[in-house]
Amino acid sequence: MSEKHSIVEIWVYLSGSPLFALFITLAAYQIGLSIYKASHQNPLANPVAIAILIVASTIQFIEMPYSTYFEGAQFIHFLLGSATVSLAIPIYRGLSSLKGRSIPLIASLCTGGLVSIISAVGIATMLGADSSITGAMYPKSVTAPIAMGIAERIGVSPTLTAIFAVSTGILGAILAPFVLNALGMKAWWQRGFAIGIGAHGIGTSRAFSIHPEAGTYASLAMGMNGVVSAVAIPVIYHLFNR
Amino acid sequence: MIFGLVQILLFQSLGELVSKFLLPTLPGPVIGLVLLVLWLVLRKGINPDLAMVGDGFSQYLGLLFVPAAVGVVLFLPQLKANAWAIISALIGSVILTIASSALVARLLSRKESHE
């Protein structure tokens, strides 16, 4: 009896401190990374998706309310803002690759950004999704930390946006080679840039694993898409939702 | 490494201030990002401390949005009810987005090279 009592006490103590949430988040991500490496970096074994699955199932299983988990995990969450600022570094490095190709790249960025929003929101609306779902689709091609910032500004769920952004990244990383081959795209910089617009960070790491030039252009596209979308999506969203 | 973090946090704070008082539609960190790019262009280079912190963040960027994404547990019924619409929209949109951006880039760069 007293032994059981003390276990409960330890449990109450642990689950009340940030330690438990921080531990399962980092441990789940580490498991995700190991699986990703073991699968030879197969985009289906995305470490973020695996970590989300493990943590979500764990807190469901032990019946821990999400708010309790987040109270601890907010220390990781807080770093999103700093990580967003640090995206300046890959953008700065990519800027020199922009020279001489700025017109096709900027046009490609604007087209891709608009097609992403119109097609996602259009298809979801046609198939009867409600407005909280379609609203969260607007920034789904933007890198998740910026996408969540945009979601907060336009008043849709940052969680749904993060889920859609991660799914988009995984789908894009898997489907991009087929789409680009079907179109007969040959230039690495064009292939990389298109992947960066459509599939942000997850697509970018896939592009880097295929060809360094594709990777550089993918990370430039991801950064430019993030900045341009942060400006444009609130405007577009209010235009369509008036 | 500490100096790199100091720079990142400084630009993040500047971004938050600008967002709060001048540009409320833009998230503070995005303004901080733009300011940092401008600063790097002016300085014409990245110092090693900043590069180290920046590369660290981009390597493990995915970890940072796990806490928010785990909130998916609150949306499970809604996601299930809309599963077909969500899956079709995500797959259709990613194909169209990648295809259209690639085609526009190729079309315009051909025109450029002919001139």
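In this predicted model, residues 24 or more positions apart supply 61% of those contacts in chain A that have a separation of 6 or more. Chain A contains 11 helices and 0 strands, so that its elements, read from the N terminus, follow the order α-α-α-α-α-α-α-α-α-α-α. The C-alpha trace of chain A extends over about 75 × 45 × 35 Å along its principal axes. Of the 242 residues in this chain, 54% count as buried.

Two packed helices are described by the angle between their axes and the distance between the axes.

| Helix pair | Angle | Axis distance |
|---|---|---|
| H2(A) and H4(A) | about 65° | 7 Å |
| H11(A) and H2(B) | about 130° | 10 Å |

Within chain A, helix H2 covers residues 18-38 and helix H4 covers residues 66-86. H2(A) and H4(A) form a right-handed crossing. On the H2(A) side, the contact involves Pro18(A), Phe20(A), Ala21(A), Leu22(A) and Thr25(A), which meet Tyr69(A), Glu71(A), Gly72(A), Ala73(A), Phe75(A) and Ile76(A) of H4(A). By class, this contact of H2(A) with H4(A) comprises 8 nonpolar residues, 2 polar residues and 1 charged residue.

Between the chains, helix H11 of chain A, residues 212-240, packs against H2(B). Because their axes make an angle of about 130°, H11(A) and H2(B) are oblique to each other. The crossing in which H11(A) passes H2(B) is left-handed. Gly226(A), Val227(A) and Ala230(A) of H11(A) form the contact with Val30(B), Leu33(B) and Val34(B) of H2(B). The contact of H11(A) with H2(B) has 5 nonpolar residues, 1 polar residue and no charged residues.

The interface as a whole brings 66 residues of chain B into contact with 90 residues of chain A. On the side of chain B that touches chain A, at least two residues each come from helices H1 (2-21), H2 (28-43), H3 (48-59), H4 (61-64), H5 (66-69) and H7 (83-114) of chain B. H7(B) provides the largest share of that side, with 25 residues. Divided by class, the side of chain B that touches chain A holds 47 nonpolar, 17 polar and 2 charged residues.

Conventions. Residues numbered from 1 in each chain as written. Chains lettered and ligands numbered in written order. Predicted model: local features only at pLDDT ≥ 70, side-chain atom pairs only at ≥ 80, totals over all residues. Contact = placed C-beta atoms within 7 Å. Helix = DSSP H or I, 4+ residues; strand = E, 2+ residues; numbered from the N terminus. Nonpolar A, V, L, I, M, F, W, Y, C, P; charged D, E, K, R; others polar. Axes fitted to C-alpha atoms, helices over the stretch in contact; angles between N-to-C directions. Parallel < 35°, antiparallel > 145°, perpendicular 65-115°, else oblique. Left-handed = near helix turned anticlockwise from the far one by under 90°. Buried ≥ 20, exposed ≤ 12 C-beta atoms within 10 Å, placed from the backbone.
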